[in-house]
4 protein chains.
Amino acid sequence: MNNLRSSSERELGFGKVANSERIMNSDGTTNIIRKGISNFNPINVYHDLVTISWVRFLMIIFITYLIVNTLFALIYLWIGVNQLSGVVPGSGLHNFWEAFFFSSQSITTVGYGRVAPVSKLANAVAAFESLMGLMAFALATGLLYGRFSRPTAAILYSENCVVAPYMENSGLMFRIANARKNQLIEVEASVILSIKSMINGKEQRSFHNLELELKRINFLALSWTIVHPIAEGSPILGLTKRDLEEGKAEILILIKAIDDTYATQIYSRSSYGFDQILWGVTFNSVIRINAEGKTEIDLDKLNDHTAV
Amino acid sequence: MNNLRSSSERELGFGKVANSERIMNSDGTTNIIRKGISNFNPINVYHDLVTISWVRFLMIIFITYLIVNTLFALIYLWIGVNQLSGVVPGSGLHNFWEAFFFSSQSITTVGYGRVAPVSKLANAVAAFESLMGLMAFALATGLLYGRFSRPTAAILYSENCVVAPYMENSGLMFRIANARKNQLIEVEASVILSIKSMINGKEQRSFHNLELELKRINFLALSWTIVHPIAEGSPILGLTKRDLEEGKAEILILIKAIDDTYATQIYSRSSYGFDQILWGVTFNSVIRINAEGKTEIDLDKLNDHTAV
Amino acid sequence: MNNLRSSSERELGFGKVANSERIMNSDGTTNIIRKGISNFNPINVYHDLVTISWVRFLMIIFITYLIVNTLFALIYLWIGVNQLSGVVPGSGLHNFWEAFFFSSQSITTVGYGRVAPVSKLANAVAAFESLMGLMAFALATGLLYGRFSRPTAAILYSENCVVAPYMENSGLMFRIANARKNQLIEVEASVILSIKSMINGKEQRSFHNLELELKRINFLALSWTIVHPIAEGSPILGLTKRDLEEGKAEILILIKAIDDTYATQIYSRSSYGFDQILWGVTFNSVIRINAEGKTEIDLDKLNDHTAV
Amino acid sequence: MNNLRSSSERELGFGKVANSERIMNSDGTTNIIRKGISNFNPINVYHDLVTISWVRFLMIIFITYLIVNTLFALIYLWIGVNQLSGVVPGSGLHNFWEAFFFSSQSITTVGYGRVAPVSKLANAVAAFESLMGLMAFALATGLLYGRFSRPTAAILYSENCVVAPYMENSGLMFRIANARKNQLIEVEASVILSIKSMINGKEQRSFHNLELELKRINFLALSWTIVHPIAEGSPILGLTKRDLEEGKAEILILIKAIDDTYATQIYSRSSYGFDQILWGVTFNSVIRINAEGKTEIDLDKLNDHTAV
């Protein structure tokens with residue numbers, strides 16, 4: 001292994017530890033457990049709320065709304081519902097629901113007023129609850145904006161990476177496309193091979209940059225087939241399917257682009273395990289000219305391939 | 001075709017497919033149909049709502065407001081308007097309107113309270129509606145901010161591109177100006193010629209960078225006439241108006257600048273079809289010193305030209 | 001004039017027009033009238049509202065609030081205040097004020113309910129007004145955030161630019177400091193001399209880069225004295241105070257830095273007219289070690305200078 | 001001292017003043033007092049509110065809420081609580097609390113309506129208060145969003161900097177890790193030594209860049225041990241622990257990275273005083289492969305070290 005390689009290895013920031021799992025998952029997350037990070041740090045909570053799925057996000061908001069209203073309902077019950085005008089005290093459950101809905105009317109600031117606080121204590125709790133509601137809602141506004149404006153590249157990767165004939169030799173290829181309606185411009189790719197080997201009798205991971213036929217395109221208007229020519233200088237040259245399997249090879253991909261809507265730099269990562277590499281196969285075209293002469297790209301066919 | 005050209009061709013990201021339409025429209029959008037993109041993905045909906053016109057945006061908000069209130073009105077009718085205090089039940093239509101306006105008072109959180117929910121069920125629906133209203137409004141806040149803060153360059157392009165005398169030879173020229181009150185700084189242009197030709201008996205598009213007399217200016221305080229000298233090395237040298245027409249030539253323009261208000265990078269694209277290129281014509285000046293000695297630029301005259 | 005100079009001239013983007021006013025004002029705005037820009041374009045209105053002073057901004061909000069409430073009050077009057085519950089119709093003025101305050105309660109969504117809409121028409125207007133209120137408020141939220149988060153460098157410039165002894169020769173110097181509590185890092189300066197001269201019997205402005213002793217500093221923790229050495233190669237070498245006056249010389253300054261709070265690039269511009277250049281004067285130090293051994297910088301003394 | 005060194009000194013922007021305190025604190029703030037900066041400038045107030053701790057931020061909001069409601073309560077008392085419907089005038093304190101809670105209901109726009117303004121004057125004050133409430137809340141929304149979306153790198157630094165054996169010689173090392181759940185990519189470090197010495201009989205600070213073994217890593221997935229080899233060319237070569245103490249040496253650290261969530265550039269600064277440098281000590285590993293074969297990093301052990 002030459003110096004160039006060992007330097008690219010260290011620069012990646014993953015170290016040489018030979019763990020048994022993939023370093024990076026297909027969705028770009030890493031397989032590292034970080035201990036000592038508090039989940040209850042406000043910034044980490046915010047980060048989670050911005051990145052979780054929409055279904056979970058809306059569920060969390062709805063459940064929080066129910067819990068907070070229940071807590072305030074209990075406080076109003078404890079103060080006594082007779083301190084709220086408009087409530088005819090009845091059974092415990094009846095009183096609870098009156099308090100619960102009064103709480104919901106205070107926290108959303110809808111405040112119909114059929115039920116309203118009369119005593120000083122009930123007024124103070126309601127005044128605090130309305131303030132809390134406004135702050136919670138300010139937070140939700142920020143979260144929703146954060147979720148939408150976050151510059152996430154929805155780059156689609158072909159499910160497989162193929163080794164296909166290329167020029168006089170062969171090439172390692174995969175295909176990407178933009179899953180969003182925005183334009184991606186100034187798109188750059190870098191591809192790294194991670195492979196285990198025995199160094200001084202100890203199993204270690206090493207990392208190798210894979211040179212690309214083209215590192216950068218102006219627009220990702222259509223799809224882009226990223227090609228690493230398996231030629232002189234390629235660390236894959238001479239390796240067989242079996243070698244990659246034994247070395248638990250992994251292809252790490254970093255994509256950098258500019259999102260046209262907000263003109264922000266975006267980053268996308270992915271990886272292919274050795275078992276996702278198909279040998280002797282080429283991708284089919286995803287682009288066609290339709291009946292009206294328009295160029296059409298079919299994203300559902302991004303992984304379509306034929307044996308050669 | 002030399003290597004330089006074929007490389008710039010591939011780097012553009014449009015491929016060589018010889019479709020019959022223009023690649024890029026004057027407003028910078030591309031003529032490509034992307035199948036397999038879901039319009040109902042939240043991010044794509046948000047992207048649409050940020051980029052559609054103001055009239056359509058406000059219409060969508062207003063119509064959504066009517067629809068949502070109608071749906072909730074139907075729910076309250078189904079529960080029974082007698083479960084809302086302050087409503088004197090009457091004809092079906094009368095009840096519908098009472099329920100409709102109660103719904104609007106809940107969703108906007110104005111909650112006058114003349115009509116207010118009494119039963120558990122009505123209260124629960126209203127509590128949910130107020131929460132939904134707050135979330136919808138949080139979303140609208142983000143959308144409005146997104147629409148305004150989006151770094152869109154409102155770059156005005158002259159309607160035509162001209163071939164005018166330049167130095168000893170001639171030059172391909174067009175003119176840009178800033179349609180906004182903000183300052184554009186560090187403005188850069190790149191211009192690409194796309195033309196069809198027969199390669200190995202097959203019609204293909206090729207792409208050629210057009211060298212500019214000046215690629216970058218510090219300020220776009222006035223207008224900027226971007227000039228490609230048709231001299232030694234220019235792919236247009238020797239081509240006639242008819243050649244461009246037969247090759248369905250297209251001039252693609254990419255402008256990059258920094259918007260001074262938010263200090264963000266902005267991008268603008270445009271293109272001229274062969275039919276927008278005027279031969280033997282020069283632009284008139286848009287700048288004059290007025291009576292008080294002030295420099296004045298008239299954006300309405302950006303395309304004014306005279307035959308030479 | 002050599003080629004280097006004429007190129008820097010064109011790259012600035014101001015053209016050669018010899019107007020009688022300064023090109024750039026001390027606050028970085030330019031003296032150019034742009035005709036054909038609509039002030040009523042939403043983006044330009046937003047831009048104005050983000051950049052005007054706080055006093056004007058709050059005045060505009062308050063006056064708009066009064067006007068909109070007056071308009072809605074007139075609508076409710078026209079419908080008839082008897083369609084609002086809780087209003088005892090009285091004199092025209094009395095009715096107007098009841099309608100006005102009902103409008104304010106609807107648009108802010110406070111909705112006390114003492115006065116509430118009863119008829120379909122009054123309800124419809126109120127429902128529309130609440131929606132409008134929410135949208136206006138969403139807009140205000142965005143505007144306030146825009147005003148605060150806008151990456152504006154509050155760079156203080158010394159009022160004067162001085163020509164003081166420097167090395168064996170002399171230097172043109174001015175001083176900057178950060179007026180904000182944020183940190184400015186990676187601060188870069190470029191300085192351009194604009195001067196009028198007769199070229200082919202026609203008065204024209206030319207532009208010349210002034211080389212700096214130091215173009216970039218890591219932190220703007222203290223103040224920074226930016227120095228152009230008037231040595232071999234300087235376009236000012238040999239010019240007298242009178243030459244600059246006759247050429248209506250202007251020193252244009254562009255500062256680029258990174259604001260640490262939001263990690264955004266910021267830009268600041270300024271200029272000195274020939275009448276702001278002091279000859280044979282040096283700046284006094286603004287930094288001292290105080291009694292407790294702490295470093296202190298006094299921004300009020302940024303322009304303090306002594307004759308040499 | 002050679003020219004290279006004196007140039008890096010000037011470029012840092014701290015000047016040569018030999019104050020007795022550390023230039024930079026561990027949290028990256030500088031020990032400089034800036035006079036002439038108004039704390040009451042809106043931008044500085046906003047900057048403070050975005051950067052103070054969460055506890056102080058919420059306290060300020062809560063106390064402001066109490067103060068503003070008290071002020072408005074006094075205004076309503078002065079007008080007369082009999083001008084508010086629903087209030088049964090009583091003792092002074094009773095009236096105050098009724099006015100106070102009416103104010104809180106107006107400013108949060110909850111507006112139950114049990115108490116509502118009747119007279120023109122009370123209505124006008126309430127209309128103004130609701131508007132003010134909305135604006136205050138708009139501001140709070142922006143502040144909360146600003147606090148969360150601010151691209152702050154929560155980079156953990158090892159408490160100490162060590163001088164440990166490295167290659168044939170020794171090296172100055174410290175360790176960093178990411179305290180957040182986001183990914184930090186393209187992480188760059190620069191390290192500067194600041195030391196006092198007698199120059200021409202006057203005590204002055206000088207600044208020296210410390211060359212790093214590796215300046216940049218792609219991911220900060222695990223921890224990163226930043227190493228300055230104390231070899232040929234290092235300004236520390238030959239210096240003893242005592243020399244650093246006498247020169248009140250300080251190690252200044254600047255980290256630059258990209259936060260993956262918002263794809264924004266972030267900056268982190270820190271410093272080690274001479275008393276934080278441990279000699280003859282090496283860091284223990286923080287990474288281990290756990291029972292399930294997963295890579296684990298323990299941030300609590302970032303400063304763990306052993307004597308050599």
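Modeller: Two residues are in contact if their C-beta atoms, placed from the backbone, lie within 7 Å. By that rule, 51 residues of chain C are in contact with 49 residues of chain B. The structure is a predicted model, in which local features need pLDDT of at least 70, side-chain atom pairs count only at pLDDT 80 or more, and totals for chains, interfaces and linings use all residues. Residues are numbered from 1 along each chain as its sequence is written, while chains are lettered from A and ligands numbered from 1 in the order in which they are written.

The elements come next. Helices (H or I, at least four residues) and strands (E, at least two) are DSSP runs, numbered from the N terminus. On the side of chain C that touches chain B, two or more residues come from each of helix H1 (3–12), strand S1 (32–35), helix H2 (42–51), helix H5 (120–149) and strand S12 (264–273) of chain C. H5(C) gives the most, with 13 residues. By class, this side of chain C has 21 nonpolar, 22 polar and eight charged residues. Here Ala, Val, Leu, Ile, Met, Phe, Trp, Tyr, Cys and Pro count as nonpolar, Asp, Glu, Lys and Arg as charged, and the others, Gly among them, as polar.

Strand pairing also links these chains. Two strands pair if DSSP finds at least two bridges between them. Strand S16 (residues 295–298) of chain B pairs with S1(C) in the parallel sense, over four bridges. Within this pairing, Asp298(B) stands opposite Lys35(C).

Chain B also meets chain A: 50 residues of chain B are in contact with 49 residues of chain A. Helix H1 (3–12), strand S1 (32–35), helix H2 (42–51), helix H5 (120–149) and strand S12 (264–273) of chain B each supply at least two residues to that side of chain B. H5(B) gives the most, with 13 residues. The residues of this side divide into 21 nonpolar, 22 polar and seven charged. Strand S16 (residues 295–298) of chain A and S1(B) pair in the parallel sense over four bridges, and Ile297(A) stands opposite Arg34(B) in S1(B).

An open sheet of three strands runs in the order S1(A)-S16(D)-S15(D), with mixed pairing. Its edge strands, each pairing on one side only, are strand S1 (32–35) of chain A and strand S15 (287–289) of chain D. S15(D) and S16(D) pair in the antiparallel sense over three bridges, with Arg288(D) opposite Glu296(D).
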